[in-house]
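Hi there,

Here is the structure I promised to pass on to you. Have a look at it first, and then read my notes below.

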Amino acid sequence: MSNNTIFDDVFRTMLQKMPQMAIPLINEVFGKDYPENIKLKQGRNEFYTKDGKVITDSHFQIEEKIYHLECQSTKDATMMFRMIEYDFSVALESVGRENETSRIYFPHSCVLYLRDTQGPEEMKLELLMPDGQRVEYKVPVIYQQRYTKEIIFQKRLFFLLPFYIMRYEKAKKELEKNQEKLQEMLEEYRSIEKCLEEEFLYQDREKEYRDMVELIIRIADYILRDSQEVRKGFGKVMGGKVLELESDKLIKKGIELEKENTEKERRRADAAEAEVKRLKLLLQEKQ
């Protein structure tokens, strides 16, 4: 993952490889109550504008509704125009017709802002039709930094966890100089890691646990790239458990191989002993 697209890359990796974690986020934004194991159908992620530009999109279908999520690190004045372009491209794939009237169905869309904490709850764009009609296009906005770790775990918004470190982005210098503040941050992540263990590791969902921790570390490595001591402390808290798990797995595999080899050797010894007995009996019979 390149530094310039690290946030988009992690965002899309989660949508593509861990899509079920987006369900609680959909529930939060759109007031739904979908179970996390509901069937989810992912849409294609490339569309082309009239000038040939590729649009990378993140959308999927739950039951009869289509949802489209976008991630933005900071506010962008062009975001609303890009959203309607994305949504129109998605809508063209669901064209309907009734009583000689063609109809396209726009997806339910939202934008996740990573750095901003203040702003409107939704973006609005008014479409003025030639006949005077006015159509208001609205997209809800969610600000990840408004969510504490307690709320994230309470509402199961694990999708936001990789970006949680961004609330410490402006405090990096203070963390380097103030050990007390650094320990407070590391303690918060110890709490996060423990909660992840309870939610995933202890529920026989080790792969999801590993994937989540890896994505958390990738964002943290980028945010803390100029703060070696802070980054080092963070790595010990979040990375140590994954290494321990890998070590435990290798040790377990080694023990299993040793048992397997011991069993093979035992069988060979038994077979050799039986062969010796058989040969002795043959010699006795000849004598």
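Let me begin with two tyrosines: Tyr34 and Tyr67 are both buried. Please keep in mind as you read that this is a predicted model. The centres of the Tyr34 and Tyr67 rings are 6.1 Å apart and their planes meet at 80°, so this pair counts as edge-to-face. If you wonder how such pairs are described in general, it is by the distance of the centres and the angle of the planes. Tyr34 sits in the loop between helix H2 (23–30) and strand S1 (40–42), while Tyr67 belongs to strand S5 (residues 65–72), so the pair links distant parts of the chain, 33 residues apart. Together with Phe30, these two tyrosines form one aromatic cluster.

How many aromatic pairs does the structure hold? The count is 11. Another of them joins Tyr164 and Tyr189, with ring centres 6.1 Å apart and planes at 70°, so this pair is edge-to-face too. Tyr164 is in the loop between helix H4 (149–154) and helix H5 (172–177), and Tyr189 is in helix H6 (residues 179–199), so the pair ties together parts that are 25 residues apart in sequence. Both Tyr164 and Tyr189 are buried.

Arg167 lies over the face of Tyr164, 3.8 Å from the ring centre. The charged end of Arg225 sits over the ring of Tyr222, at 4.2 Å from its centre.

Now for the overall picture. The protein has eight helices and 10 strands. Of its 287 residues, 40% count as buried. Among the contacts with a separation of 6 or more, 61% come from residues 24 or more positions apart.

Which residues touch the most other members of the largest nonpolar core? They are Ile165, Met185, Tyr189, Leu196 and Phe234, in a core of 60 residues. Helix H7 gives the largest share of this core, with nine residues. Apart from this core lies another one of 13 residues, including Met80, Ile84, Met123 and Val139. You have met Tyr189 already; leaving aside neighbours within four places in sequence, Tyr189 is in contact with Tyr164, Ile165, Tyr168, Ile216, Phe234, Val237 and Met238.

After H2 comes Gly31, which has a positive phi, near 65°.

On the subject of phi, most residues other than glycine have a negative value. Which way does Glu63 go, positive or negative? Glu63 has a positive phi of about 55°, although it is not a glycine. This residue lies in the loop between S4 and S5, and with a relative accessible area of 51% Glu63 is exposed. Asp204 also has a positive phi, near 60°, and is a residue other than glycine. Asp204 is found in the loop between H6 and H7 and is exposed, with a relative accessible area of 75%.

Next, the cysteines and a serine. How many disulfides are there? The count comes to zero. Cys71 is buried at 5% relative accessibility, and Cys110 is buried at 2%. Ser94 lies in the loop between helix H3 (79–91) and strand S6 (95–98). With a relative accessible area of 18%, Ser94 is buried, because the cut-off for that word is under 20%. Not counting residues up to four places away in sequence, Ser94 touches Arg103, Ile104 and Tyr105.

Enjoy exploring, and write back with any questions!

Best wishes

Note on methods. Residues are numbered from 1 along each chain as its sequence is written. This is a predicted model: local features need pLDDT of at least 70, side-chain atom pairs count only at pLDDT 80 or more; totals for chains, interfaces and linings use all residues. Side-chain values use heavy atoms; hydrogens and water are left out. A nonpolar core is a set of buried Ala, Val, Leu, Ile, Met, Phe, Trp, Tyr and Cys residues joined through side-chain atoms within 4.5 Å. Buried means under 20% relative accessible area, exposed over 50%, partly exposed in between (1.4 Å probe, protein chains only). Helices (H or I, at least four residues) and strands (E, at least two) are DSSP runs, numbered from the N terminus. Contact means heavy atoms within 4.5 Å. Rings of Phe, Tyr and Trp (its six-membered ring) pair if their centres lie within 6.5 Å; planes under 30 degrees apart count as stacked, over 60 as edge-to-face and the rest as tilted. A charge sits over a ring if NZ of Lys or CZ of Arg is within 6 Å of the ring centre and within 35 degrees of the ring normal. A disulfide is a pair of cysteine sulfur atoms within 2.5 Å.
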